[in-house]
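Colleague: I have not looked at this one before. Can you take me through a few parts of it?

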Amino acid sequence: MKIAILVGTRPEIIKMAPVIRECQKRKLDYLIIHSKQHYSEKLDGIFFSELDLPAPKYNLNVGSGGHANQTGRILITLEPILMSEKPDVLLVQGDTNTVVAGALAANKLHIKVGHIEAGLRSFDQTMPEESNRIIADHISDYLFAVTDLQVGYLKKEGLPDSKIFKVGNTIVDALLSHQVHADKRSQILSELKLQTKGYYLLTSHRAANVDDPDALNEIIQLIAKIPGQVCWPIHYRTQKVLKESKIDLPGNLTWTDPVGYSDFLKLLSNCTAVITDSGGVQEEACILGVPCVTIRDSTERPETVDVGANVLVHRNADAMVAALNRPMTPWTNPFGDGHTAKRILDIVMGQHVHPVPQTQDTVCVAGLGYMGLPTSLLLANAGITVAGFDLNAKKVNEINGGHCPFEERGIPELLTTALKTGHFKAQTKPAAADVFVVAVPTPHKNKKCDLSFVLSAVNSLLPVLKNGNLLIIESTIKPKTCEDYVLPLLQSKHLRVEVAHCPERAIPGNTLHEIVHNDRIIGATSPEAARRAARLYSTFTKGTIHQTTLVTAECVKLMENTFRDVNIALANEFSLIADKFKFDISAAIQLANKHPRVNILQPGIGVGGHCIAIDPWFLTEDIGDDLTLIRTARELNDGMPQRTAARIRNKIAPSTGKIGILGVSYKPDVDDARETPALEVARILSKHYTIRCHDPFVKDWDLELFPIEEVDGWADVLVILSNHTAYASRKFESPLLSFEKLINAEVTQFRRTAAVRARRRGIGTQSRHANDGRSRSETDVQQAS
């Protein structure tokens, strides 16, 4: 798909910047066309460099002029470009002559039009912008509305629901991404000798206010009434009228030429209040928490008035002063969450094909573990009301007390915020909601998928489920679980509940980042159910959301982890071949990987974690006996702990009696010991030696865990099985056996002598990638574990 992006003025460049950056991020085929409706570099061109945007592919150089003249010239120059480039969609933003001309040109050429900020209405037909908005909306194919209000206006005008999408405003995206940069970069306050919160900011450019000398004189008289210093970046057109009309400026005014975006953000963020006739400034002030007074008698941003951020005073001096002195209470930004550009491109690229709902779903999440809790908190911090349900009363009390029940970076801070806002609460019973998410573990029993936890969670939700609800299964499940088990269970209770499967695809130790940034796979009973689930996840997900069928979604994650398991098995088998032929497996893999199409992983002690070690069994459970590759790989990896124990016994002296095992989690620097191969290694060794185990993260384990001081120095030999970072900086008293030593082909006895001890103390550098069955390149891939 090719996307053309048309801009013509300063606000359009700023508000299209997030869309352009999202196109770059997704590596889409896109081009920028600039009408140059503004004739001054300071009024628009500077913003491309300041916002770090690519230069437009086409500049129409239209300049200023009468409305018909300007609109006509844009149409004439734009049409051949669109005919040559043949974009699939043209995106326009706002209400300028550039917008209406672009929409008309594309529409005549049967190119789809996406209108960003659709549905804005001032209901003042004397404003040329109002006509532009209405015309653009009625010939556009995608109507990207900001709030429910604009959605309502579009529907009242008879536009079909299928074209209307509530996405928020890209100005929020732009402000959030640029505000910190602007604060550091801009020196405008010192240049103009302004003190933070010691001045009022004025912007005025509407023709009704500044083209008429009498109206402009009223604006000047307003400035004189303001109780304090006023800063006004004056439009060149307005400067011309002031000069020609010989209007004197009041003494409390500091004026400057138009400023860049960073400077304007600095001025707006630090003023006491802003007086404006700009719709965009009304939005920006509202988002930034700056009180606004609008010198017009109507606004196409009535949400700013509704939340108390803005007052309309026209050009009435007394009303303006009263509005500036009004008591202020904090308000909530009504214009979105900063992900508007992402939603727009999701829709254009076909990943959303339906409007965002007008009311936000409430959510109940069953299971507050490694995936359920962070998902609950991300939803809650996106403003959604979430009830977290878990049968473990101790865990629920811990969570409500602000304590995360497991070690995971970023979760405690999210929990604190969610509890403060009141959007999240943990409880031991399910709560009625619009959407239910099941995020409980799925164990395996005798190499088969044990669905008892999942089905128990669904059963527990039955008393609060209602017709029209959506049930999302995040738990990893075998193919056709939803069709064969979940749906019949719901139907047996005569519930008309749609079902979706959205498998979690995140790795412990980096869970929060991956839940937010990884792509999402959503399969559902219907396209509408998939879209509803996608809307929910889009409140916090920055990765692309892909919609598919139920069974496809069920198989995708199983296939991902099976792919990794098979490749780990190949590396492990290579290491066993190295044992036979007595060659250095690490060196051989490194050399083999010099080939541009080869990427062999490093061998390990087995495979752990709650996914890779069991997902292949789920995938192959019901496929019969004629397909054996996956099962063979799984069995080989399951056998690696026994081979690892044998390797350890082969490397140590016969007199060894005490072995210290360091690191029992399934991978370094996490507290997750589910399916860890270290457990089987320890159990095998315990039949022949006295063992003690240590892990700085894992709290509860099947075997006793000892403090490091009771392992190091006590043991005849230490073996690191999960290479936590903490071990790299420690100087050990006991001799240390590294994983590299275990897999090198030369068979030597490991003896506890002074010379050996000195030689071994520095060998605590076992490959962390070998410990969990991953190579460096493989762990860099952000997929589920």
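Colleague: Which hand does the crossing of H17 and H19 have, left-handed or right-handed?

Modeller: The crossing of H17 and H19 is left-handed. Keep in mind that this is a predicted model.

Colleague: What is the angle between H17 and H19, and how far apart are their axes?

Modeller: Helix H17, residues 372-381, packs with helix H19, residues 411-421, at an angle of about 45 degrees, and their axes are 9 Å apart. That angle makes H17 oblique to H19.

Colleague: Which residues meet there, in H17 and in H19?

Modeller: In H17 they are Leu373, Pro374, Leu377, Leu378, Ala380 and Asn381. They meet Ile411, Leu414, Leu415, Thr417 and Ala418 in H19.

Colleague: Another topic. Why is helix H29 said to be largely enclosed?

Modeller: Seven of the 10 residues of H29, which runs over residues 677-686, are buried, so the rest of the structure largely encloses it.

Colleague: Which residues of H29 are the buried ones?

Modeller: Pro677, Ala678, Leu679, Val681, Ala682, Ile684 and Leu685.

Colleague: And what covers the buried residues of H29?

Modeller: The cover includes helix H28 (640-651), strand S24 (658-662) and strand S25 (690-694).

Colleague: On to the backbone. What is phi for Lys86?

Modeller: Lys86 is not a glycine, yet its phi is positive, about 50 degrees. Most residues other than glycine have a negative phi.

Colleague: Where is Lys86, and is Lys86 buried or exposed?

Modeller: Lys86 sits in the loop between helix H3 (67-85) and strand S4 (89-93). Its relative accessibility is 60%, so Lys86 counts as exposed.

Colleague: What about phi of Lys447?

Modeller: Lys447 also has a positive phi, near 65 degrees, and is a residue other than glycine. Lys447 is in the loop between strand S18 (444-445) and strand S19 (448-449). With 41% relative accessibility, Lys447 counts as partly exposed.

Colleague: Last one. Which helix holds Asp346?

Modeller: Asp346 is in helix H16, residues 340-348. Asp346 has 0% relative accessibility, so it counts as buried.

Colleague: What does the side chain of Asp346 join with in a polar contact?

Modeller: The side chain of Asp346 is joined to that of Arg26 by a polar contact of 3.0 Å.

Notes:
Residues are numbered from 1 along each chain as its sequence is written. This is a predicted model: local features need pLDDT of at least 70, side-chain atom pairs count only at pLDDT 80 or more; totals for chains, interfaces and linings use all residues. Side-chain values use heavy atoms; hydrogens and water are left out. Buried means under 20% relative accessible area, exposed over 50%, partly exposed in between (1.4 Å probe, protein chains only). Helices (H or I, at least four residues) and strands (E, at least two) are DSSP runs, numbered from the N terminus. Contact means heavy atoms within 4.5 Å. Axes are lines fitted to C-alpha atoms, for helices over the stretch in contact, and angles run from 0 to 180 degrees between N-to-C directions. Angles under 35 degrees count as roughly parallel, over 145 as roughly antiparallel, 65 to 115 as roughly perpendicular and the rest as oblique. A crossing is left-handed if the near helix is turned anticlockwise from the far one by less than a right angle, and right-handed if clockwise. A polar contact is a pair of N or O atoms within 3.5 Å; within protein, one must be able to donate a hydrogen and the other to accept it, and residues adjacent in sequence count only if both atoms are side-chain atoms.
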